[in-house]
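Here are my notes for someone opening this one for the first time. Have the viewer ready and go through the points in order.

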Amino acid sequence: MLHYKVLALAAVVSLANAACTFSLKPLQSANIDPQAIYAQNTGKRITQAKVLAQVAVGYEKLGQQDMAAKLLSPAMQTAKVNSSIHYQTEMWGEVGASYVKMGRYNDALQAAQALATQKYQGSADGDVALALDRIIRELVAAKQLDKATQVAQLISSSSSITSYVVEVGEEYEISQPMALTRLAGEYTKAGQREKALKVLDQALQQRTDLAAIALAYAAVGQQNQALQLLSQATRIDTDEHTSLYSNDFIKAAVAYAAMGQKDQALQLLAQIKEKVKQQEASNPMGGYYLHRVMMEIAVGYAEIGEYHQALQFAKTIQPYQDLAEEAGRTPGGLISGSTSNEVFVFTQLADRFAEAKQYNLALQAIQAIKGEGNIAVAKAKLAVEYARAKQYDRAFQLLRQSKQLTVYGALPQVVEAVVQAERGDRAVQLLTQALEVAGTPNKLLILRDARKDLALAAIAKGYAEIGQREQAEPLLAQARQIAAQIHGDAEKAVSLATIASGYAAIGQREQAEPLLAQARQIGEGINR
C-alpha cells in the first residue's frame with residue numbers, strides 16, 4: 001500500500017509559496033502558435049492547461065460548447081502525453097472536475113475511467129486516487145451520487161493515502177473503502193437508505209477501515225452490524241506495528257461514542273495511551289509515530305465529546321525532539337517556531353470544537369497555536385462555523401481581526417451559509433457586512449484562491465441567488481477593476497473567468513463574453 005502523511009499546515013504553506021510563484025510572474029509577451037496549444041500540444045505547459053480548463057467552464061455556461069471543448073483539449077493532451085505520472089493524473093482530475101462543473105457528468109465519468117485504466121510505469125496508485133477523489137468531490141457537490149460511486153469503485157484496492165486536501169480543509173484518508181463509506185453517508189443524508197447499505201456492503205469487501213464503516217452502518221440503523229464490525233476492528237493484536245498506527249482503534253472509540261457507548265470509547269482510548277507508553281519504553285526509535293498517535297488520541301477525545309479532556313491532554317504532549325528544527329525549515333516561516341503538536345493538535349481541536357459549537361474551547365485551542373498564519377487559518381475556519389450556526393456577528397468580528405488575506409478564502413463559505421439560511425432584508429444586511437469585511441485594508445496574500453476579486457464575485461453570486469441582482473452588478477464591476485490590476489497572467493485569467501461566470505449568473509451575457517475572451521487570450525499566452 002502507498003501511504004502519504006502530509007502535515008496539514010505545512011501543505012498549506014507549500015501551496016501558498018507555489019501560489020505566489022504562480023501568480024507573480026509577468027504576463028507572457030511571446031506569441032504562441034495556436035496549433036501548438038490545441039492541435040499539437042506537447043503536454044508541457046501545465047499552468048496554461050489548468051487555466052484554459054477553468055476558462056472552458058465559463059464558455060460552457062454560456063452555451064458555447066465548441067469553444068469549451070477546444071479550451072479543455074490542452075488539459076486532455078497533457079493528461080495523455082506529459083512525461084510525469086503526477087501531471088498526467090492531475091490533468092485527468094482537472095478534466096473530470098471541469099466536466100462536472102459544466103454539467104457534463106457522463107463525460108466526467110469517462111475521464112475518470114480513462115484515468116483509472118491508464119498503464120503507468122512505476123507506482124501511480126496514489127496519484128490516481130488523488131485525482132479520482134477530486135472528481136468524486138465535485139460530483140458530490142453536484143449531487144451526482146450515483147456517478148460519484150462509480151468513480152469511487154475505480155480507486156485501486158491497493159491505494160491508501162492520507163493527505164492534506166486543500167479544498168476539504170483537512171487531512172483525510174483516500175482509499176476505495178473510505179470513499180465508498182463517505183458516499184454512504186451522503187446517501188443517508190439524502191434519505192436513500194437502500195443505496196447507502198449497498199455502497200457499505202461494497203466498502204466492506206476489502207475488510208479495511210472497519211471502524212469507519214461501522215459508524216456508517218450505525219447511521220442507517222444497522223446497530224448489530226456496526227457492533228460486530230467494531231468488535232472485529234478492536235480484536236487486532238495491538239502489539240503489531242501497523243495496527244497501532246492505523247488509527248482504527250481511535251475511529252472505533254469515536255464510533256462507540258456515537259452509538260451511545262461512551263464508557264467503551266473511553267476504555268479504548270485509555271488502552272491506546274497505555275500501549276503507546278509501553279512501546280515508547282521498548283522502542284525509542286519509533287518516537288515520531290508514537291508521538292503522532294498521542295496527538296490523534298487528543299483529537300479522539302474531542303470527537304467523542306470529551307472536549308475539556310481533549311484540550312488538557314493535548315497540552316501534556318511533549319514535542320518530539322526532531323520536529324522543532326523541521327518546523328523552522330518550513331518555507332515562508334508559516335509554522336516557524338512552532339512544534340508538531342501546536343500545528344496539528346491545536347488546529348485540529350479548534351476545528352472539532354467549532355463544529356461541536358464549543359466556541360470558547362475553540363478560541364482556547366487557537367490561543368495555543370503559534371504562527372500568525374496558522375492562527376489566521378484557524379480563525380477563518382471558526383468564522384465559517386459561526387456563520388453556519390447563524391452567529392454572523394461573531395463570524396464577521398473574527399474576520400475583521402485577521403491581518404491575513406485568509407479572510408477572502410473564508411468569505412465565500414460565509415456567504416454560502418448566509419444564502420442557504422437567510423432571505424429578504426436580513427440576507428441583504430448580512431451580505432453588506434460581508435462586503436465591508438472584504439474591503440478591510442492591510443490584507444496580505446497567503447493563498448492564491450483567497451483574493452478580494454474572487455471574494456467580491458462570491459458575494460455578487462450570493463446577491464443573485466437571493467434575487468438581488470441589482471446589488472450584484474456593482475460588486476462584479478468592482479471585482480473587474482481589481483482584476484485589471486493583477487500582474488500574474490494565470491491568476492488574472494482565472495479571475496476574469498470567475499467574474500464572467502458572475503455576470504452570466506445575472507443574465508448579462510454581453511458583459512461575460514468579452515471577459516471570457518480576454519481570459520482565453522491571456523491563457524493562450526502562458527508559456528509554462
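This is a predicted model: local features need pLDDT of at least 70, side-chain atom pairs count only at pLDDT 80 or more; totals for chains, interfaces and linings use all residues.

1. Start with asparagine 374, which sits in helix H21, residues 372-388. Its relative accessible area is 0%, so asparagine 374 is buried, the cut-off being under 20%.

2. The protein chain has 28 helices and 2 strands. Of its 528 residues, 54% count as buried. Among contacts in the chain with a separation of 6 or more, 66% are between residues 24 or more positions apart.

3. What about the core? In soluble globular proteins, nonpolar side chains tend to be buried together. Here the largest nonpolar core has 164 residues, and the ones with the most contacts inside it are Ile297, Leu349 and Phe353.

4. Helix H3 covers residues 46-61, which makes 16 residues. From first C-alpha to last it reaches 24 Å, close to the 22 Å expected at 1.5 Å a residue. How many of the residues of H3 are buried? The count is 13 of the 16, so H3 is largely enclosed by the rest of the structure. Just after the helix, glycine 63 takes a positive phi of about 85°.

5. Next, look at how helices H7 (residues 125-141) and H8 pack. Two packed helices are described by the angle between their axes and the distance between the axes. For H7 and H8 the angle is about 170° and the axes are 8 Å apart. The pair is therefore roughly antiparallel. On the H7 side the contact is made by Leu132, Ile135, Ile136, Leu139 and Val140, and on the H8 side by Leu145, Lys147, Ala148, Val151 and Ala152. By class that gives 9 nonpolar residues, no polar ones and 1 charged.

6. H8 also packs with helix H9, residues 176-189, again at an angle of about 170°, with the axes 9 Å apart. These two are therefore roughly antiparallel as well. Leu145, Asp146, Ala148, Thr149 and Ala152 in H8 meet Gln176, Ala179, Leu180, Leu183, Glu186 and Tyr187 in H9. This contact has 7 nonpolar, 2 polar and 2 charged residues.

7. Stay with H8 for a moment and pick out threonine 149, which is found in that helix, residues 145-152. Is threonine 149 buried or exposed? At 8% relative accessibility it counts as buried. Setting aside its neighbours within four places in sequence, threonine 149 is in contact with Leu180, Leu183, Tyr187, Val199 and Gln202.

8. Two lysines deserve a check of the backbone. Most residues other than glycine have a negative phi, and most peptide bonds are trans. Lysine 143, though not a glycine, has a positive phi of about 60°. It lies in the loop between H7 and H8, and at 72% relative accessibility it counts as exposed. Lysine 357 also has a positive phi, of about 65°, and is not a glycine either. Its place is in the loop between helix H19 (340-355) and helix H20 (359-367). At 55% relative accessibility, lysine 357 counts as exposed too.

9. Last, a loop residue with another kind of setting. Where is isoleucine 506? Look in the loop between helix H27 (489-505) and helix H28 (509-524). Isoleucine 506 has a relative accessible area of 10% and is buried. Leaving aside neighbours within four places in sequence, it is in contact with Ala464, Arg469, Ala472, Glu473 and Leu476. Tyrosine 463 is 43 residues from isoleucine 506 in sequence, and their C-alpha atoms are 9.5 Å apart in space.

Terms used. Residues are numbered from 1 along each chain as its sequence is written. Side-chain values use heavy atoms; hydrogens and water are left out. Helices (H or I, at least four residues) and strands (E, at least two) are DSSP runs, numbered from the N terminus. Buried means under 20% relative accessible area, exposed over 50%, partly exposed in between (1.4 Å probe, protein chains only). Contact means heavy atoms within 4.5 Å. Axes are lines fitted to C-alpha atoms, for helices over the stretch in contact, and angles run from 0 to 180 degrees between N-to-C directions. Angles under 35 degrees count as roughly parallel, over 145 as roughly antiparallel, 65 to 115 as roughly perpendicular and the rest as oblique. Ala, Val, Leu, Ile, Met, Phe, Trp, Tyr, Cys and Pro count as nonpolar, Asp, Glu, Lys and Arg as charged, and the others, Gly among them, as polar. A nonpolar core is a set of buried Ala, Val, Leu, Ile, Met, Phe, Trp, Tyr and Cys residues joined through side-chain atoms within 4.5 Å. The expected span of a helix is 1.5 Å times one less than its number of residues.
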